[in-house]
Amino acid sequence: MEAAVRAADGAEPYARHHPRAPHRFQGHGPVEEVLVTRVAGHWHLVTLGLSELAVKESPDRDVSGWGFELSFRVVADEEPLWAVELLANLAGYVWTSRHPFAPGHHLDLR
């Protein structure tokens with residue numbers, strides 16, 4: 001996954017964050033880490049953990065975990081740490097509700 005982020009952004013990840021698990025989880029949450037990359041005036045964040053990172057556990061041979069990771073672009077001068085927590089909470093929503101996001105789904109943050 002990190003290689004895919006590097007290829008898409010043309011840059012190495014700036015930072016790796018290990019977000020707190022949303023309060024509804026005991027122990028670890030669904031996101032192991034969030035890669036944060038500074039690219040051409042914005043920040044690109046990508047979760048790691050909704051797909052199977054180490055061992056294939058899901059029964060569908062063609063899908064890794066939930067079949068996606070979350071990606072977020074933010075225009076900001078400083079590293080948007082609030083966005084790391086937002087992505088962790090969105091991942092928590094997927095795990096607890098069992099409603100995955102699909103291509104074209106988006107959030108209007110106004």
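Read from the N terminus, the elements of this protein follow the order α-β-β-β-β-α. That gives two helices and four strands in the protein. Please keep in mind that what you are looking at is a predicted model.

Now for the protein as a whole. Of its 110 residues, 36% are buried. The protein exposes about 7,200 Å², and 54% of that area is supplied by carbon and sulfur atoms. Contacts between residues at least 6 apart in sequence can also be sorted by how far apart the partners are: 49% of them join residues at least 24 apart.

H42 is found in strand β3, which covers residues 42-48. L109, for its part, lies in the segment after α2, the helix of residues 81-97. Here is how the two are classed:

| Residue | Relative accessible area | Class |
|---|---|---|
| H42 | 16% | buried |
| L109 | 49% | partly exposed |

H42 counts as buried because its relative accessible area of 16% is under the 20% cut-off. Which residues does H42 touch, leaving aside its neighbours within four places in sequence? They are T37, R73, V74 and V75.

L109 is partly exposed because its relative accessibility of 49% falls between the 20% and 50% limits.

Key
Residues numbered from 1 in each chain as written. Predicted model: local features only at pLDDT ≥ 70, side-chain atom pairs only at ≥ 80, totals over all residues. Heavy atoms only, no water. Buried < 20%, exposed > 50% of the residue type's maximum accessible area, 1.4 Å probe, protein only. Contact = heavy atoms within 4.5 Å. Areas by Shrake-Rupley, 256 points an atom, 1.4 Å probe, with all protein chains shown as cover.
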